[in-house]
Amino acid sequence: MATLPFYEQRAEWGRRLALAAEPCADDARPPSLRLFFREWLYPFLPIKRVFGPKIGIKPAAKPQTVMLLPGFGAHPIRMRWMARQLEKAGHEAKRWGLGYNLGATEWRFKRVEKRLKKLYKKRREPITLVGWSLGGVMARELAKLHPERVAKVVTMGSPFSGSPRANNGWRAYQAIAGHRVDEPEIDTVVSEKPPVETVAFWSPCDGIVAPKCACGKPNERDRAVALRCTHMGFVMTNEAMTALLSELDRD
């Protein structure tokens, strides 16, 4: 949009702001404001890691190549601590190949699809996809299109089930991505389970995505793992990291 003439930029931003101001047309129930405001305490999570229960990283039983997909509005650097723990265990952690995740647009999806193909060709083995929030939704879509290239999908607080407005971020998403959350730019049924092993991490303490949307129904994923972290905590807490390492070692 930066290359558009000034008057066209104004019109485009007006359209996006109108998307953000739309009323919630369904009975979606996002997490409470109390949980939402708890999310802003995330700068203290690294301190909590120091004084809380330690991870105790052991050598991975099945070392894997893991591609990490960040959540909406997040940069891969937000998952850097998680990547380091995976590497300590013997896994090979890879970024998704883009910068900030500013929405599941067709252009961005094609770029990350290309990244998956490149990793698969180089490693000559299926890649494990670990996606946080929107990154998990995109990981599921990659697995649907390329099941032969994906070993497993692990979503963390990802809104793949229920109403796409049952979260505290859908207005920001529509303004930044430029399309409605229930009108994705790729042809898909978001709740449909990929044809590979799919595990959903969810938390009743999530202040961004409604827990039932991240947990999903039995036919929408293979397993659901309940944690007690915040939405930001999925990529910043020892609890979530321990659960992920255990999941990667699972037969």
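A crossing of two helices is called right-handed if the near helix is turned clockwise from the far one by less than a right angle, and left-handed if it is turned anticlockwise. With that term in place, I turn to the structure before you, which is a predicted model. I shall present two helix pairs.

The opening pair is helix 5, residues 106-123, and helix 6, residues 134-145. Helix 5 passes helix 6 in a right-handed crossing. Their axes lie 11 Å apart, and the packing angle is about 60°. An angle between 35 and 65 degrees counts as oblique, and helix 5 and helix 6 are therefore oblique to each other. Which residues make the contact? Helix 5 contributes Arg 108, Phe 109, Val 112, Glu 113 and Leu 116, while helix 6 contributes Met 138, Glu 141, Leu 142 and Leu 145. Sorted by class, this contact of helix 5 with helix 6 holds six nonpolar residues, three charged ones and no polar ones.

The other pair is helix 4, residues 80-89, and helix 9, residues 238-249. Here the axes come within 11 Å and cross at roughly 40°. Helix 4 and helix 9 are therefore also oblique to each other, and their crossing is right-handed. On helix 4, the contact residues are Trp 81, Met 82, Gln 85, Leu 86 and Ala 89; on helix 9, they are Asn 238, Met 241, Leu 244, Leu 245 and Leu 248. How many of the residues in this contact of helix 4 with helix 9 are nonpolar, polar or charged? Eight are nonpolar, two are polar and none is charged.

Technical notes:
Residues are numbered from 1 along each chain as its sequence is written. This is a predicted model: local features need pLDDT of at least 70, side-chain atom pairs count only at pLDDT 80 or more; totals for chains, interfaces and linings use all residues. Side-chain values use heavy atoms; hydrogens and water are left out. Axes are lines fitted to C-alpha atoms, for helices over the stretch in contact, and angles run from 0 to 180 degrees between N-to-C directions. Helices (H or I, at least four residues) and strands (E, at least two) are DSSP runs, numbered from the N terminus. Angles under 35 degrees count as roughly parallel, over 145 as roughly antiparallel, 65 to 115 as roughly perpendicular and the rest as oblique. Contact means heavy atoms within 4.5 Å. Ala, Val, Leu, Ile, Met, Phe, Trp, Tyr, Cys and Pro count as nonpolar, Asp, Glu, Lys and Arg as charged, and the others, Gly among them, as polar.
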